[in-house]
Amino acid sequence: MTMTLDFIRQGNYSIARERLDLQLEHQPTSGKLHFLAGLIHHRQDDYGRARPYFEQAIALEPDYSSTFYFYGYCLYYLGELDRALITFEEHLRHVPDEGDSHFGRGIVLLELGELDEAESALNRAIELQQDESGRGHEVSKAHTRLGDVALQRGEYEAARDTLEAAIEADPRHPEPYFKLSQVHRRLGHEEKADEMMQRYESIRSGEEPGEGPR
């Protein structure tokens with residue numbers, strides 16, 4: 001199983017699939033193997049094909065927590081928000097301090113219009129990950145979604161502040177530059193809006209970003 005997972009992480013999906021087919025012939029009731037089969041499709045953004053494998057994995061091994069994490073995002077991308085929320089909450093029952101599941105819960109609640117709960121979940125995601133090495137991008141994503149919460153409330157100064165925090169957490173993350181450009185335009189700061197849009201386009205084109213907002 002470990003070698004198969006390594007192939008998936010490396011993007012060698014055809015080899016991983018061949019190995020899994022052989023393993024599933026001998027272990028058809030292994031929830032972990034069904035999870036890996038779903039993970040192959042998930043990594044290729046084929047969520048419709050991933051879903052039944054994740055569901056079978058949960059049915060066979062309901063205590064294998066990793067399945068709930070990926071199944072939650074699978075359901076989110078398929079637009080099944082209520083089920084995605086339940087699934088993220090089930091994963092957090094197994095792993096309460098998994099910041100990325102708090103983030104997943106937060107973005108689902110945001111789309112459901114539950115702004116206060118979304119804000120709480122996203123802040124928890126930041127709290128759990130901000131001091132972890134290598135988690136800057138995840139922290140940036142959570143701050144960016146907090147910007148969306150503020151924008152939906154019409155709180156443009158708050159949106160500006162949290163989007164600037166997103167850029168500070170990961171200056172290479174393009175999305176907060178784009179949204180910060182929109183916020184500055186709303187606030188009447190045309191020069192800053194243009195600057196943020198230029199930085200967004202620079203990152204998207206593969207050039208080095210600037211130092212972040214000043």
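Predicted model: local features only at pLDDT ≥ 70, side-chain atom pairs only at ≥ 80, totals over all residues.

Biologist: Thanks! At what angle do α5 and α7 cross, and how far apart do their axes come?
Modeller: The crossing angle is roughly 20°, and the axes come within 10 Å. An angle under 35 degrees counts as roughly parallel, so α5 is roughly parallel to α7.

Biologist: Which residues of α5 and α7 meet there?
Modeller: From α5 you have Tyr69, Tyr73 and Tyr76. On the α7 side they meet Asp100, Ser101, Phe103, Gly104, Ile107, Val108 and Glu111.

Biologist: How does that contact of α5 with α7 divide by class?
Modeller: There are 6 nonpolar residues, 2 polar ones and 2 charged ones.

Biologist: Let's zoom out. How many helices and strands are in the chain?
Modeller: The chain has 12 helices and 0 strands. Written as a pattern along the sequence, that gives α-α-α-α-α-α-α-α-α-α-α-α.

Biologist: And what size of box do the C-alpha atoms fill?
Modeller: Roughly 65 × 35 × 30 Å, taken along the principal axes.

Biologist: What percentage of the residues count as buried?
Modeller: Of the 214 residues, 46% do. As for the surface, the chain exposes about 11100 Å², and carbon and sulfur atoms supply 44% of that area.

Biologist: Now back to packing. What angle do α6 and α7 make?
Modeller: Helix α6 covers residues 81–94 and helix α7 covers residues 99–111. They pack at about 155°, with axes 9 Å apart. Anything over 145 degrees counts as roughly antiparallel, so α6 is roughly antiparallel to α7.

Biologist: Is the α6 and α7 crossing left-handed or right-handed?
Modeller: The crossing of α6 and α7 is left-handed.

Biologist: Which residues make the contact?
Modeller: On α6, they are Leu81, Ala84, Leu85, Phe88, Glu89, His91 and Leu92. On α7, they are Ser101, His102, Gly104, Arg105, Val108, Leu109 and Glu111. By class, the contact of α6 with α7 has 7 nonpolar, 4 polar and 3 charged residues.

Biologist: I also spotted Thr87. Which helix is Thr87 in, and is Thr87 buried or exposed?
Modeller: Thr87 sits in helix α6. Its relative accessible area is 7%, and buried means under 20%, so Thr87 is buried.

Biologist: What does Thr87 contact, leaving aside neighbours within four places in sequence?
Modeller: Phe68, Tyr71, Gly72 and Leu75. Helix α5 spans residues 65–77, if you want to find that stretch.

Biologist: New topic: where does Asp45 lie?
Modeller: Asp45 is in the loop between α3 (31–43) and α4 (47–60). Its relative accessible area is 54%, and exposed means over 50%, so Asp45 is exposed.

Biologist: What is the phi of Asp45?
Modeller: Near 60°, which is a positive value in a residue other than glycine. For background, most residues other than glycine have a negative phi.

Biologist: Last one: where is Ala158, and how far is Ala158 from Leu81?
Modeller: Ala158 is in helix α10, residues 156–169. Ala158 and Leu81 are 77 residues apart in sequence and 26 Å apart in space, C-alpha to C-alpha. At 35% relative accessibility, Ala158 counts as partly exposed.

Conventions. Residues numbered from 1 in each chain as written. Heavy atoms only, no water. Axes fitted to C-alpha atoms, helices over the stretch in contact; angles between N-to-C directions. Helix = DSSP H or I, 4+ residues; strand = E, 2+ residues; numbered from the N terminus. Parallel < 35°, antiparallel > 145°, perpendicular 65-115°, else oblique. Left-handed = near helix turned anticlockwise from the far one by under 90°. Contact = heavy atoms within 4.5 Å. Nonpolar A, V, L, I, M, F, W, Y, C, P; charged D, E, K, R; others polar. Buried < 20%, exposed > 50% of the residue type's maximum accessible area, 1.4 Å probe, protein only. Areas by Shrake-Rupley, 256 points an atom, 1.4 Å probe, with all protein chains shown as cover.
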